[in-house]
Every structure is written in structure tokens, then in C-alpha cells.
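Subject: A structure for you to look through

Dear colleague,

I am handing over a structure that I would like you to read alongside the notes below. Please keep the sequence and the 3D view open as you go.

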Amino acid sequence: SSSSRQHTIVVGDDVASQVDLDMVFDSTGKLHLVYYDPTTQDLMYATRGYGNNDLLATQIDINGDVGKDVSIAVCPDDSVHVAYYETLSPTTGRLKYAKKEASWGSFGGRVVVDESVANTGKATSIACDDEGIIHISYQDVTNENLKYANSRDTCGNGVVEAGEACDDGNTTSWDSCSATCTVEPTIDLNLVVVASPDGVVE
């Protein structure tokens, strides 16, 4: 015989029909689900509670009308990453991103990824590769373009992030951390006095 467990997360046919959602499983088989709640206009996250099978819902972002066109990904270290659209007006919006470092942690790092034009960040898709690099594709509605962003673009911000071996706050090479945030080889120099004022060479 077979059985299934069903969960009601958002109540009401009218409400449920407006929900944008996505889900993914981490390396332990744990479910991570994100969705837009049209009643509160919040970005929500649901996962199984520790030691039980119930889905527990929490807020990711509640600042404004946030969470449409949501997409979720899990990296090899089981950190969870979410890309989503923030509605600023009926015709404007921007792409945002949030993450939590571990499977049981809380979300932080809610940042604006792109607000370069009046309306960008629709049709969002996010993925994490084997190196932990985040990749996001999305629509630039204003210019009718497909756009792409990745976390490698942050080299030089002083924070060692996924895919970086170092980050010294600049993109200058030959200062121990290269322009692409890789560790550069060090050279040990021995000081040798070739000539001194008294003419003695050492």
C-alpha cells in the first residue's frame, strides 16, 4: 500500500491560485519550499520542522510587495539561496536575493541584485554549481532582454565568498590576492648588500 501526506500552507482558492512557488531538496533529502503570499505580499519559506513531518512556514522578506517570480536553489554545502521580484509599482520592480548559510539557519543577506532599469527581475531562475557559485537568469522587462548575474562578480568587495580563495578589497594583482580572487604565490627576497660606503662588498 502507499500513502501520502498533504499540507495546506496557503488557505483559500482565490489566494492559492495567485501563489508563485518553487521547491528543492538538499543533500539530506530535506524539502525547502518558497512562495509568494498574495494576502500579505510577503516572501515565505516552508520546511519540515526538526523531528516531525509538519511544514513550518516563516517569512523571508516582508519589506514591500516581495516574492513574485521566486526561485530557490541549494548549494553543495546545503546553504539555501532565493531569487525573487520586488514590485515597486504596477509597472516597475527589481530583482532581489536572499540566503541562509545552513539548512537549519535563518535567512539573511536580503539584497537588491539589479535595479539598473525601471522594471527588471521577472521570470527569475536561480542555480548553484558544484563550486558554490550562484547563477541567476531573469528578464529585463523595460528593454525586453534576458539578463544573467553570478556571484563571481563580487570579487574585490573584501568578503571571501563562494568561489573565492581570498578577497582583499580590490582587484589589483601581485598583492597576494589576484584580480580574480585567487591566492598569488609569494616570493621570499633575501636582502643582499652589493656595495657599502666603505667599498666592501658583502
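Before the strands are described, two terms are needed: two strands pair if DSSP finds at least two bridges between them, while strands themselves (E, at least two residues) and helices (H or I, at least four residues) are DSSP runs, numbered from the N terminus. This is a predicted model, in which local features need pLDDT of at least 70 and side-chain atom pairs count only at pLDDT 80 or more, whereas totals for chains, interfaces and linings use all residues. Residues are numbered from 1 along each chain as its sequence is written, and side-chain values use heavy atoms, with hydrogens and water left out.

Is strand β2 mostly covered or mostly open? Seven of the seven residues of β2 (31–37) are buried, where buried means under 20% relative accessible area, exposed over 50% and partly exposed in between, computed with a 1.4 Å probe on protein chains only. Both faces are covered, with L31, L33, Y35 and D37 buried on one side and H32, V34 and Y36 buried on the other.

Nonpolar cores

A nonpolar core is a set of buried Ala, Val, Leu, Ile, Met, Phe, Trp, Tyr and Cys residues joined through side-chain atoms within 4.5 Å. The largest one has 13 residues, and those with the most contacts inside it are V34, L43, I60, V70, V82, Y84 and F107. The elements that give two or more residues to this core are β3, β5 (65–74) and β6 (80–89), and β5 gives the most, with four residues. A second, separate core of eleven residues includes A73, Y97, I126 and A149.

If neighbours within four places in sequence are left aside, L43 is in contact (heavy atoms within 4.5 Å) with residues including Y35, I60, V66, V70, V82 and Y84.

The open sheet

Four strands form an open sheet in the order β5-β6-β7-β8, and the pairing is antiparallel. β5 and β8 (108–114) stand at the edges, each with a single partner strand, so one side of each is left without a neighbour in the sheet. Strand β7 (residues 92–100) pairs with β8 over four bridges in the antiparallel sense, and K99 stands opposite G108 in β8.

Charged pairs

Side chains of opposite charge can pair when their charged atoms come close. A salt bridge here is a side-chain nitrogen of Lys or Arg within 4 Å of a carboxyl oxygen of Asp or Glu, and a search of the whole structure finds six of them. In one, K96 pairs with D61, the closest N and O atoms being 2.9 Å apart; K96 lies in strand β7 and D61 in strand β4 (residues 55–61), so the pair ties together parts that are 35 residues apart in sequence. K96 is buried, with a relative accessible area of 7%, and D61 is buried too, at 1%.

E86 forms a salt bridge with R94, with the closest N and O atoms 2.7 Å apart, and E115 forms another with R94, at 2.8 Å. E115 is in the loop between β8 and β9 (120–128) and R94 is in strand β7, so that this pair links distant parts of the chain, 21 residues apart. Through shared partners, E86, R94 and E115 are joined into one network of salt bridges.

An aromatic pair

Rings of Phe, Tyr and Trp (its six-membered ring) pair if their centres lie within 6.5 Å, with planes under 30 degrees apart counted as stacked, over 60 as edge-to-face and the rest as tilted. By this rule the count comes to one aromatic pair: the rings of Y45 and F107 have their centres 5.0 Å apart and their planes at 70°, so the pair is edge-to-face. Both Y45 and F107 are buried.

With best wishes
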